[in-house]
Amino acid sequence: MSSTELPFVPPANVLPKVGTVRVAEGERLRSVELPGVTLTMRSRPPAREGLPPALFVHGLGGSSQNWSALMALLDGTVDGEALDLPGFGDSPPPDDGNYSVTAHARAVIRYLDASGRGPVHLFGNSLGGAITTRVAAVRPDLVRTLTLVSPALPEIRVQRTAVPTGLLAVPGVALLFTRLTRGWTAEQRVRGVMALCYGDPGRVSAEGFRNAVQEMERRQRLPYFWDAMARSARGIVNAYTLGGQQGLWRQAERVLAPTLLVYGGRDQLVGFRMAQKAARAFRDSRLVTLPDAGHVAMMEYPETVATAFRELLDDAGESGTRRARRAGRADAGGDAVGASGNNESMGG
């Protein structure tokens with residue numbers, strides 16, 4: 001194997017079982033098989049019948065567990081589900097090894113189409129923000145509202161603290177990093193991730209830290225862990241280079257759903273300066289800035305994010321759903337991202 005090649009990953013049907021994923025009180029997990037992907041879904045029983053559906057999409061290196069706190073706070077407002085993207089959490093790698101933003105968006109759309117839960121209140125953090133922006137742009141019929149927490153949308157001047165994550169996209173870097181950090185404990189890795197993602201890592205409880213270490217230990221035993229990280233990071237970089245109608249900012253301008261934008265003042269991965277640009281790009285948006293939050297405000301300040309979402313619902317009513325449905329009927333080529341193909345181009 002050359003230094004630029006990623007390690008071989010066995011097919012999903014022969015991957016070893018490395019441990020049990022944590023399920024918080026009141027949560028349940030289930031597996032959904034779709035064409036080309038198998039997704040693990042985390043959900044909570046809704047507080048009552050008839051609540052509108054919601055879907056939560058995590059970021060690079062995360063999992064559906066990133067949404068547990070917010071989902072618990074909203075279980076009387078929405079019927080929530082959070083997915084593990086292919087190759088993350090408890091979901092096996094995609095059959096075709098494609099971790100592009102388009103491929104991840106295609107997986108979300110396939111799930112929503114297959115489940116019939118759309119239109120949903122769609123949430124995305126970081127990479128999940130880029131994915132859900134693309135979903136909302138090309139399939140407005142599936143989205144009631146869009147909530148983005150530190151979405152990974154293209155920046156001209158990337159923060160220095162975000163450069164190491166971007167370097168994972170360079171061929172060979174993930175393999176090199178794996179070799180250089182072979183002696184690191186799961187605890188050391190978790191402390192590094194929390195220092196990068198949280199505005200104040202001290203807000204993490206002792207129990208939360210122990211749970212994160214256990215999850216890191218489990219992930220490190222997965223043979224595709226670094227492959228999924230590297231290829232997804234490369235997918236973000238590739239998405240940033242797209243122009244025209246396929247560019248993420250252009251797609252943000254096409255989003256019809258009422259949109260809540262949440263940015264953290266201490267975010268080391270997505271520039272706080274991008275908040276105003278995002279507020280201008282999304283046509284029907286409200287902006288919440290949290291000066292002390294980092295990259296994962298829904299984990300650091302879930303009560304604040306939950307309150308902001310409820311206020312979005314109060315303002316939007318059902319108008320966003322009706323507008324999305326009308327747009328979906330008018331868009332003859334609506335499911336471009338759902339087409340086959342491994343290119344970043346929406347045409348596949």
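Which residue in strand 5 is the bridge partner of Val 57? I looked this up in what is a predicted model, and found that the partner is Gly 124.

I checked burial next, and because five of the five residues of strand 3 (residues 53-57) are buried, I wrote the strand down as largely enclosed by the rest of the structure. Pro 53, Leu 55 and Val 57 point one way, while Ala 54 and Phe 56 point the other way.

**The core**

In the largest nonpolar core, which has 87 residues, I listed the members that touch the most others as Leu 55, Phe 56, Trp 67, Leu 70, Ile 131 and Phe 282. For Leu 55 I set aside the neighbours within four places in sequence and still found contacts that include Met 41, Glu 81, Leu 83, Val 108, Tyr 111 and His 121.

Stepping back, I read an open sheet of eight strands in the order 1-2-4-3-5-6-7-8, with mixed pairing. Strand 1 (28-34) and strand 8 (285-290) are at the edges with a single partner strand each, so one side of each has no neighbour in the sheet. Ignoring direction, neighbouring strands are turned by 20 degrees against each other on average.

**Helices 2 and 3**

Helix 2 lies across strands 1, 2, 3, 4 and 5, and I noted that it runs at about 100 degrees to strand 1. Helix 3 packs on the sheet too, touching strand 3, strand 5 and strand 6 (143-149), with its direction at about 145 degrees to that of strand 5. I then compared the two helices with each other: the axes of helix 2 (residues 101-115) and helix 3 (residues 127-138) come within 9 Å and cross at roughly 65 degrees, and the crossing is right-handed. Among the residues making this contact I noted Val 101, Ala 105 and Val 108 of helix 2, and Leu 127, Ile 131 and Arg 134 of helix 3.

Conventions:
Residues are numbered from 1 along each chain as its sequence is written. This is a predicted model: local features need pLDDT of at least 70, side-chain atom pairs count only at pLDDT 80 or more; totals for chains, interfaces and linings use all residues. Side-chain values use heavy atoms; hydrogens and water are left out. Buried means under 20% relative accessible area, exposed over 50%, partly exposed in between (1.4 Å probe, protein chains only). Helices (H or I, at least four residues) and strands (E, at least two) are DSSP runs, numbered from the N terminus. Two strands pair if DSSP finds at least two bridges between them. A nonpolar core is a set of buried Ala, Val, Leu, Ile, Met, Phe, Trp, Tyr and Cys residues joined through side-chain atoms within 4.5 Å. Contact means heavy atoms within 4.5 Å. Axes are lines fitted to C-alpha atoms, for helices over the stretch in contact, and angles run from 0 to 180 degrees between N-to-C directions. A crossing is left-handed if the near helix is turned anticlockwise from the far one by less than a right angle, and right-handed if clockwise.
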